[in-house]
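Try each task before you read its solution.

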Amino acid sequence: MDNQSLISLYRKMLLVRVFEDKSAEMYTKARIAGFLHLTNGQEAIAVGAMSALNADDDLFTHYRDHGYAILKGASPESVMAELFGRATGTTGGRGGSMHLIHMDTNYWGGYAIVGGHLTLASGVAAANQFHGNGRVVTCVMGDGSTNIGTFHAALNWAQLWKLPIIFLVENNQFAMGTTIRNHSALPDVYRKADGYGMAAEQVDGNDVLAVHDVIARAAARGRAGEGPTLVEAVTYRHRGHSMADPDVQRDKAEIADWKKRDPIHRFANEVLLKRGIASPQDLEEISAEVEARVDKAAEFAENSPEPALDTLYKHIYMEPVSNMQVGGSLIRPPQIGARVASSEGENGRQ
Ligand SMILES: Cc1ncc(C[n+]2csc(CCOP(=O)(O)OP(=O)(O)O)c2C)c(N)n1
């Protein structure tokens with residue numbers, strides 16, 4: 001990587017960090033409602049991974065998704081506005097923190113149901129394979145997700161069909177407050193791939209260049225028709241599970257120890273400063289630029305309108321109509337658990 005690309009990695013990690021800190025501040029000021037899961041400490045994974053993929057590759061993530069949306073190409077303004085629930089947000093203020101989507105850049109979204117997106121991501125990988133479009137899917141999840149049924153269903157299918165997909169586990173060693181040793185029979189997550197004969201790699205998730213290399217290899221494998229890869233990136237989150245978590249379960253000394261391995265400071269010290277790629281003053285300037293950019297995003301969100309009341313029912317399931325004529329048949333609005341009458345008759349679609 002040339003010097004400019006290395007500096008860009010630093011700038012991006014810092015942008016994700018500062019964006020998260022600003023989100024936390026806005027949450028405490030009650031500008032952001034609902035849940036807010038921050039990614040402080042885990043930035044090297046998102047930045048390293050996204051730097052190794054093509055712009056049109058597909059991305060699915062869990063709910064720790066702000067950085068991914070920005071790195072994929074959504075503006076910090078639109079992401080902050082989404083957190084604020086404003087009309088200018090990535091999904092018009094309807095999704096909020098856990099459901100960022102940016103289809104212009106093939107970011108299929110953040111998902112709140114743990115593991116629920118894995119089979120969806122495999123479906124898109126199957127579509128890519130069918131169309132031969134050369135796109136690879138990256139599906140990001142936490143370590144806790146690897147105990148869920150859909151994890152195993154998705155891995156089995158992906159390996160069986162040699163789908164072009166990377167399952168990227170951000171192993172921050174906790175599912176909420178439960179340690180990986182207490183929630184997973186196999187704490188070495190990458191070894192779960194063995195059950196399906198799938199390629200797997202474990203990587204230091206606090207080393208942005210190492211993550212870049214692993215994801216580049218996995219993407220090449222997917223594009224060459226060699227199938228999926230399970231990547232386990234080992235890291236640690238600096239904050240509680242979400243803003244609602246007072247973080248009393250984790251060991252304070254352990255948190256402090258991992259903060260010494262902060263991926264951003266580490267990259268600045270061990271790569272940029274040590275190799276003379278940037279001076280301390282350069283880094284300060286980058287920091288000031290990033291802070292200003294994020295302040296602007298918060299200002300934009302603050303000044304954006306709420307979604308108009310008459311759009312309340314848009315983009316939920318369907319336009320709410322009392323009845324609808326389709327092909328001469330009367331379609332009743334669906335009710336949960338009820339059959340939907342169709343031209344195929346009562347026993348047709350359910
Ligand atoms: C199917 C399902 N079960 C439980 C939850 C509640 N829940 C939300 S986050 C979480 C922990 C997930 O941990 P992990 O996958 O390691 O991700 P992390 O938050 O550490 O990034 C749980 C149990 C949920 N959202 N979905």
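Keep in mind that this is a predicted model.

**Exercise 1. Find which polar atoms of the protein lie close to N or O atoms of the ligand, taking 3.5 Å as the cut-off.**

Step 1. Start with the side chains: a polar side-chain atom of Tyr63 is 2.6 Å from a ligand oxygen.

Step 2. Turn to the backbone. Gly144 places a polar backbone atom 2.7 Å from an oxygen atom of the ligand, and a polar backbone atom of Val114 lies 3.1 Å from a ligand nitrogen.

Step 3. Now look at the cover: on its own the ligand has 580 Å² of accessible area, and the protein covers 74% of this.

**Exercise 2. Describe the shell of residues around the ligand, then the pocket whose space it takes.**

Step 1. The shell holds 15 residues, with Tyr63, Arg64, Ala112, Gly144 and Phe174 coming nearest.

Step 2. Sort the shell by class: seven residues are nonpolar, six are polar and two are charged.

Step 3. Examine the lining of the largest pocket. It is made of 21 residues, and Tyr63, Val114, Ala175, Met176 and His241 are the closest to the pocket centre. By class, the lining has eight nonpolar, nine polar and four charged residues.

Conventions: Residues numbered from 1 in each chain as written. Predicted model: local features only at pLDDT ≥ 70, side-chain atom pairs only at ≥ 80, totals over all residues. Heavy atoms only, no water. Near = heavy atom within 4 Å. Polar contact = N/O pair within 3.5 Å; in protein donor to acceptor, adjacent residues only side chain to side chain. Areas by Shrake-Rupley, 256 points an atom, 1.4 Å probe, with all protein chains shown as cover. Nonpolar A, V, L, I, M, F, W, Y, C, P; charged D, E, K, R; others polar. 1 Å grid on protein atoms, 1.4 Å probe; cavity = no way out; pocket = protein on both sides within 12 Å on 5 of 7 lines; lining within 4 Å.
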